[in-house]
Amino acid sequence: MRRSVVVAMIAAPLALLYASLFVGRFTVAPADVARILWSNVYPITHDWPASVETIVMQIRLPRAVLAMFVGAGLAASGSAYQGMFRNPLVSPDILGVTAASAFGAAVALLLSRNALELQAVAFAFGLGGVFCTYLLARVYRTTPILMLVLSGVVVAAFFSALLSGAKYVADPESKLPAITYWLLGSLNGASTRSLAMALPPIIAGSTGLMFLRWQLNVLAMGDEEARSLGVRTEVLKAGVIVCTTLITAACVSVCGIVGWVGLVIPHLGRMLVGPDHRALLPMSLCIGAAYLLLIDDVARTATVGEIPLGILTALIGAPFFAYLLRKTRGTWQ
Amino acid sequence: MNRRKALLAVAHLWGIGLLAAWTRAPAADPGTRQLTDAAGRIVTLPTRVTRVADAWHANNGVVLMLGAADKIVATTAQAQNQPWFRRLYPRIEQVPAAFNAAGEADMEALIGVRPDVILMAYDGTMPRWSGAVSAYHLPIVMMPNRSLAELKTTVRMTGEVLGDSESRIAAEYLRYFDDNIRRVTLVTSKLGPLERPKVLHTASAGVLTVDGRQSVIDDWIAIAGGINAADVVGVGRPVTMEQVAAWNPDVIIVGTAPNQQNRQSILDDPRWRQIKAVKDGRVFVNPSGVYLWDRHSAEAALQVLWAAKTLHPAEFADLDVGQETRKFYETYFHHALSDDELNSILQATPP
């Protein structure tokens with residue numbers, strides 16, 4: 001990759017992150033935003049109201065940071081899985097993590113747990129769901145791709161049924177809408193505490209994927225070829241699954257189901273840098289971060305009520321992707 | 001062979017015709033009466049209604065208040081799950097819950113209990129199962145549910161459906177309700193715009209949703225001399241934390257069980273700390289009894305008093321909500337509340 005590309009792809013999400021702090025439903029003078037941010041690095045006199053500081057530091061900043069990490073994490077997981085499964089239609093929820101997390105969240109909502117407890121339960125269910133898939137897919141100490149996919153389908157179907165059951169028994173005046181809105185996805189739960197819970201697994205998983213990215217190229221050739229090249233495919237697959245599951249479970253548990261990002265951002269990345277995972281994975285991370293930041297800025301500012309993220313990611317993303325698809329005719333650079 | 005088939009078909013049709021003739025009740029039957037419901041339909045009811053299927057959870061509490069709970073033969077799981085409903089009327093747990101959360105009916109259970117009438121909230125469409133039910137000549141009465149005025153209409157209609165004694169109680173209740181509204185508005189109508197606090201009524205925890213305009217909640221906030229801070233239309237709308245900060249409500253009323261716990265999570269969250277209501281210590285839980293006071297409950301008559309006292313404690317210093325609550329439960333639910341019980345209702349904790 002050319003150095004200018006590298007600089008641009010790292011600078012873009014960071015610039016967007018900074019810009020995101022200036023937009024919102026609450027009117028804050030841009031100068032105040034800048035000074036509040038600066039005051040956290042360098043002590044200057046606080047001549048702005050405490051409420052404004054709360055908006056910037058406790059509401060906007062955690063939310064924007066979360067959007068960035070969730071977008072990056074989902075996009076990286078998607079590209080790792082698309083390589084490993086050798087299938088462009090794969091998204092991070094292929095092994096049932098989303099369905100399991102969603103059921104966990106619904107249970108927490110039914111039991112009226114608070115947001116942090118909900119996040120913990122959803123995360124645990126997500127990990128548990130993928131663990132079930134992995135056990136189901138084990139055949140003679142190997143996990144063939146087909147077995148993984150089918151086991152994922154089984155586990156996802158099972159948890160979806162449980163989720164429907166949870167919705168069926170939910171109180172229609174309060175619990176049912178809460179479950180429904182949660183499933184549509186939202187970053188409104190972002191706070192410093194939820195970040196402290198969600199970021200470590202996302203960072204750990206993404207770092208792991210970055211280390212494994214050249215081996216993903218070998219894995220993308222198929223198990224047998226990879227093995228003949230001396231790659232321990234089972235260990236590698238398990239590693240990729242652990243990393244992506246950590247990321248996806250953390251993302252889903254903190255913001256509900258945000259579709260499309262993990263499916264399509266990798267394709268966008270491939271159009272820009274080709275299918276080599278050494279370049280594709282970091283590219284997906286950066287595009288994913290920028291994309292979700294941008295989408296969330298719309299979600300939280302466009303109307304008085306919040307627009308669910310799951311609606312916007314596809315509503316804005318689909319036409320944009322269609323445009324790119326026509327322009328590149330589906331080929332890589 | 002063909003002739004045999006044709007004969008069979010004719011016999012079949014004749015049988016259906018007979019059945020239809022047998023089940024169709026003549027319109028001017030002296031044993032029936034007619035009533036126009038919220039959907040504008042003219043519904044024919046038996047003169048004496050003794051068996052009611054109530055598909056609207058909130059309305060079950062109204063039937064209980066009108067003294068006709070013994071007539072309930074089918075209810076909803078949500079009505080059965082209201083702790084105070086069960087406390088005051090334990091039989092509700094034995095009544096079949098023929099309606100689920102989504103408003104769908106278990107047809108066999110419903111027809112099995114042979115209701116004289118089915119009561120339901122009208123949201124603009126008839127339930128999917130209304131066609132199947134009409135085949136059994138079970139009348140459905142749709143009742144309006146979008147405002148406090150419509151809640152009053154619903155109480156009147158419910159009384160009318162149930163019978164004379166229930167109608168009398170309904171009329172008495174509506175007088176009491178109107179008296180309370182008058183008592184409150186006498187004071188609150190004189191308030192200037194600056195004296196009306198901005199009130200945020202939260203609808204659920206976990207996911208932040210609030211109750212907006214065109215709702216029962218909006219109505220009682222206005223009567224009690226407040227302004228609904230939530231500038232959205234409808235109940236249970238999701239909003240961002242920043243939007244709440246932009247509204248900066250003077251008062252927050254937590255309207256979802258477990259209210260106390262949900263109130264605590266607001267107080268514990270640093271993002272809420274600079275909201276005026278939190279800073280001023282004006283975060284309250286909404287009382288909850290036979291049904292949630294803030295919604296389509298019989299206790300909406302008390303809600304206007306409670307809200308007025310909560311928003312304007314000085315102006316309503318002489319109003320004793322506890323005393324009014326005791327009187328109300330004594331009169332309409334025939335239950336003398338102990339101090340603990342009164343507290344459980346006002347603090348929205350299970351009895």
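**Close-up views of chains A and B**

**View 1. A salt bridge between the two chains.** In this predicted model, the side chains of Arg300(A) and Glu242(B) form a salt bridge, with an N to O distance of 3.6 Å. This distance lies within the 4 Å cut-off for such a pair. Two salt bridges are found across the interface of chain B and chain A. The interface also holds twelve residue pairs in polar contact, both residues of each pair having a pLDDT of 80 or more.

**View 2. The side of chain B that touches chain A.** Four elements of chain B each supply at least two residues to this side: strand 8 (198–204), strand 11 (237–238), helix 10 (241–247) and helix 11 (259–268). Helix 10 of chain B contributes the most, with six residues. Sorted by class, the side of chain B that touches chain A comprises 16 nonpolar, 13 polar and seven charged residues.

**View 3. The extent of the interface.** Contact between the chains involves 36 residues of chain B and 36 residues of chain A. The area buried between chain B and chain A is about 2900 Å². Carbon and sulfur atoms give 57% of that area.

**View 4. A hairpin in chain B.** Strand 1 (residues 32–36) and strand 2 (residues 42–46) of chain B pair in the antiparallel sense over five bridges. Within this pairing, Gln34(B) stands opposite Thr44(B), a residue of strand 2 of chain B. The two strands form a hairpin with five residues between them. In the turn, Gly40(B) has a positive phi of about 80 degrees. In a regular strand, side chains alternate between the two faces of the sheet.

Key: Residues numbered from 1 in each chain as written. Chains lettered and ligands numbered in written order. Predicted model: local features only at pLDDT ≥ 70, side-chain atom pairs only at ≥ 80, totals over all residues. Heavy atoms only, no water. Contact = heavy atoms within 4.5 Å. Buried area = accessible area lost by both parts, 1.4 Å probe. Polar contact = N/O pair within 3.5 Å; in protein donor to acceptor, adjacent residues only side chain to side chain. Nonpolar A, V, L, I, M, F, W, Y, C, P; charged D, E, K, R; others polar. Pairing = 2+ DSSP bridges.
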